[in-house]
Amino acid sequence: MITSQEDTKELIDINNTNSIPPEKLIRRVNGGKKPNPAKPKTQIRRVNGGKKPNPAKPKTQIRRVSGGKKPNPAKPKTQIRRVTVPKTTPPQVKPVTKVTPVNFQEDIDQLEAGVRLDVIPNSNQPISSKDAIALQRELENLIGRVESANLAASVHNGGVNVNKPQSLKAETPKLGSTTTTNLSLEETLAQAREVAKNIPVLISQKNYALVRQQWLKSKTTLWQQFPVNQRIAQPEIRAVWLDRGTIVKAGNEAELAKIFDRLTLAGINTVFFETVNASYTIYPSQVAPQQNPLIKDWDPLASAVKLAHERGMELHAWVWTFAAGNRRHNELIGISADYPGPVLAANPDWANYDQRGQMIPVGQTKPFLDPANPEVREYLLKLYAEIVTRYRVDGLHLDYIRYPFQDPFSGRTYGYGKAAREKFQQQTGVDPVKISPTQRQLWQKWTAFRTEQVDSFVGEVAQMLRKKRSYLILSVAVFPLGEYERVQKIQQHWEVWARRGDIDLVVPMTYALDTPRFQRLAEPWIHSTKLGSTLLVPGIRLLSLPSLGAFDQLQLLRDLPVSGYALFAAENFNEKLDEILISTQGKVQNTKHDPIPQRQPFRTAAFRYAALQKEWQFVWEKSVRSPNFVTTSANFKNQSQELQNALNQLAILPSASNLISARGALTRFQSQFKSWMSVAVPENPYQVKVWENRLITIERLLRYGERRVINKAAFN
């Protein structure tokens, strides 16, 4: 996450993407991290809102989005209050070849643009074989998600699906029409399968426009068959980032209570509450130099902890780590855009610099602290200790736990703080400002040095939390770039933090405006074997995402081996999304709260497995009985019950011996699962894969529980 919408903005002025004809089937559109740059003559309008803004299209205004609400626009002749900033001498750096960063495109732009599946209605532009496969595969996957969601709804409703798709015109549409009809679920699925099957045929006939029309129509009718009026969710992490702008707008505890009521009704169980933003604390601190000046006469963090716990929710303090200021925020509070934030204003020697000696990199909006400076680290640890000891928060959520974006071979590097230069020179005998990326061995040492400053700080935070409050959860908001590129670009190596057991939740900012791209961004990390016992919680950005599109992304995650999701942000909730979340995952009256995975992993595993058993029973009762069905069914039921008993026992009495029993039963069950399903449901490979994924989720919950529950108990 990160006030990620602002990170997007940082690159608007420095990126430049060649325009792509709108007739293309696959076109570059950004919905997450870094936006496509503004085209010539395109105005940039500053607006505060969700994470990352939608990219600029030709002749379309680009909105700059920040972490808070919309600022009051400056009125003519309004005086801007200036703040005196202590002067500091930036490093004298080695001259570098002048570059033109406007022609540079970040890897994260390329990553998202490369996976975007955007279908232009009525375009007869040729469709490549690669794009044809992508269209066919996505339609088949969407069919699977709709079936999977309706199965879950039927099981929750005692075998009856009461889904009522939107009523539309009853007549059958003409071929190629994008109008929808009031079809049943079975009719919609059959029609969509026929469309997917015919895509290669129509392409061979060069009927590209019809392919696109039928694909879009099928997507629309399938979305309308999602059972959004029925409960389908299992116990899972349902997190939301509650941003500074929403907190400021609330203004007092009574109004903040309304926000928590809304989140509770929507089934949210974990809140990342923005506590430190641009070095300002949301609460009156004895460590930080200044509370956010937009907060008047109350302590939002104290109120939030109280309100969350009264509603059975977890409250995690969301803090900016190394980003120390924000030009956007300076505008909101009416001070100089160059003000580096209260911490760097008081401690200019703590600043970090780029290769030109600038505190804020070209095209970006935030100065950063130097992670190599021991005084910086001491200050941050002291600040976080104040938060977790003074308030009964349930966790700490680290944001901006990295360096700013760079590209060494385009003349954009960062990390030349006074302490970093001195420390690196002591280790190597070389001042890093004199190193060129062409000096491969030395440059890699410099990259490794900066990466280690972040890695070691995460370890120190984890150690501090264990000493202060062992029950606290440590989570991190991270970028979903590939491991090597991420280390080179921002020195963020979260795989290391996960393997060491420093963090409990890793939240990749997999923001996308369509499900295919979201899947392509999230799946590498969902299937990663490098995360140890850490739980992965993919992020979904709500800004400009249709409500049914958001539900589609949620359903995708529920069909993959994931323990939950995080929504950015609270300010982007709307009435339609509220209705969907309340119906599909909201708290059921007169029932106890579902277990929260990061807090009760073993109970979550038992609950989720019980839901799986109900789905299997429902499907098997409707299956065609083959000659081998009776034998297979008896064997399956015996081992299924054995696993349920083992998981229940572990949930009731967590112990090393019960964990061993549950793992053994799970492993035996998984080893035969495919053969059982090949007899019972041979016609639905997507659903079988979904069930396999959910068994993997249970396996991961046991691994996480071993570290958080079993090993913690032994250590204590």
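This is a predicted model: local features need pLDDT of at least 70, side-chain atom pairs count only at pLDDT 80 or more; totals for chains, interfaces and linings use all residues.

Trainee: What covers the buried residues of α7?

Mentor: The cover includes β3 (237–242), α6 (244–250), β4 (270–277), α8 (300–310) and β6 (314–320). Contact means heavy atoms within 4.5 Å. Helices (H or I, at least four residues) and strands (E, at least two) are DSSP runs, numbered from the N terminus.

Trainee: Which residues of α7 are buried?

Mentor: Leu256, Ala257, Ile259, Phe260, Leu263 and Thr264. Seen down the axis of α7, they fall within an arc of 160°, so they line one face. The arc is that of the directions from the helix axis to the C-beta atoms. Buried means under 20% relative accessible area, exposed over 50%, partly exposed in between (1.4 Å probe, protein chains only).

Trainee: What happens at the ends?

Mentor: At the start of α7, a side-chain oxygen of Asn252 comes within 3.1 Å of the backbone nitrogen of Ala254. After α7 comes Gly267, with a positive phi near 85°.

Trainee: What span should α7 have?

Mentor: Its 13 residues (253–265) should span 18 Å at 1.5 Å a residue, and the end C-alpha atoms are 18 Å apart, which agrees. The expected span is 1.5 Å times one less than the number of residues.

Trainee: Switching to β6. Which residues lie on each side?

Mentor: Glu314, His316, Trp318 and Trp320 are on one side, with Leu315, Ala317 and Val319 on the other. Both faces are covered, and all of these residues are buried.

Trainee: How many bridges join β4 to β6?

Mentor: There are 6, and the strands run parallel. Leu315 in β6 is the bridge partner of Val271. β6 also pairs with β7 (residues 395–399), parallel, over 5 bridges. There, Trp318 stands opposite His397. Two strands pair if DSSP finds at least two bridges between them.

Trainee: How many helices and strands in the whole chain?

Mentor: It has 22 helices and 12 strands. Buried residues make up 60% of the 716 residues.

Methods:
Residues are numbered from 1 along each chain as its sequence is written. Side-chain values use heavy atoms; hydrogens and water are left out. A polar contact is a pair of N or O atoms within 3.5 Å; within protein, one must be able to donate a hydrogen and the other to accept it, and residues adjacent in sequence count only if both atoms are side-chain atoms.
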